[in-house]
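Biologist: I am new to this structure and would like to learn how to read a few of its features. Could we look at it together, one feature at a time?

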Amino acid sequence: MTNTPDLEYTITRVLDAPRETVFEAWTEPERFSQWFGPHGFTTPVSLITMDLRPGGEWSACLVSPEGAKAPLGGVYREIAAPERLVFTTGDPDNQEGAVASVATLTLTDLGNRTEMRFTQEGYNTDEAHAEAAKAGWLQFFDRLAEHLA
């Protein structure tokens, strides 16, 4: 694996929900399970853990329509409710447990709407993996928008 921290992208969305509600969708397992994952996948609440504190671990297991499981997880680095969340994500293909990326979520209050800015910086991955991750997040955020609508 290459160690290139310059693999970075930002996705910005305006969501039809107050900032507090968007933050809860990211930090409450019952809400997180409603949108986290690509189209067609489920993320059962029973397979989500969130130790919501700096240094606390998070994990979620995506389940494909065929029943295949894809575990994801990382560590929270910063929590500033309701405007900022920073967490690491591991690479499921890397069994050494190295950090694959750092994700920074910034929520800006627009009244009854919220601007969500999501930046992911890759450290232990390659460009193809980073592009696949970005494509996945775009689907996740479509589902988040539907969940909040």
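Biologist: Does Ser 64 count as buried or exposed, and what is its relative accessibility?

Modeller: Please keep in mind that this is a predicted model. A residue is called buried under 20% relative accessible area, and because Ser 64 has 9% relative accessibility, it counts as buried. Ser 64 lies in the loop between S3 and strand S4 (69-80), and its C-alpha atom is separated by 9.3 Å from that of Gly 37, which is 27 residues apart from it along the chain.

Biologist: Which residues of helix H3 are buried, and where do they lie around its axis?

Modeller: An α-helix has 3.6 residues a turn, so residues three or four places apart point the same way. In H3 the buried residues are Ala 130, Gly 136, Trp 137, Phe 140, Phe 141, Arg 143, Leu 144 and Leu 148. Seen down the axis of H3, these buried residues fall within an arc of 160 degrees, so they line one face of the helix, whereas Ala 128 and Glu 146 are exposed on the other side. The elements that the buried residues of H3 pack against include strand S1 (7-15), helix H1 (19-27) and strand S7 (114-122).

Biologist: How many cavities of 30 Å³ or more does a search of the whole structure find, and which residues line the largest cavity?

Modeller: Rolling a probe the size of a water molecule over the atoms shows where empty space is left. Here the search finds one cavity of 30 Å³ or more, and the largest cavity holds about 70 Å³ of space. Among the residues lining the largest cavity are Trp 26, Phe 36, Met 50 and Trp 137, and by class its lining has nine nonpolar, no polar and no charged residues.

Technical notes: Residues are numbered from 1 along each chain as its sequence is written. This is a predicted model: local features need pLDDT of at least 70, side-chain atom pairs count only at pLDDT 80 or more; totals for chains, interfaces and linings use all residues. Side-chain values use heavy atoms; hydrogens and water are left out. On a 1 Å grid over the protein atoms alone, a cavity is a set of points where a 1.4 Å probe fits but cannot get out, and a pocket is an open set with protein on both sides within 12 Å along at least five of seven lines; lining residues have an atom within 4 Å of a point. Grid points are joined across faces, edges and corners, and a volume is the space filled by probe spheres set on the points. Ala, Val, Leu, Ile, Met, Phe, Trp, Tyr, Cys and Pro count as nonpolar, Asp, Glu, Lys and Arg as charged, and the others, Gly among them, as polar. Buried means under 20% relative accessible area, exposed over 50%, partly exposed in between (1.4 Å probe, protein chains only). Helices (H or I, at least four residues) and strands (E, at least two) are DSSP runs, numbered from the N terminus. The arc is that of the directions from the helix axis to the C-beta atoms. Contact means heavy atoms within 4.5 Å.
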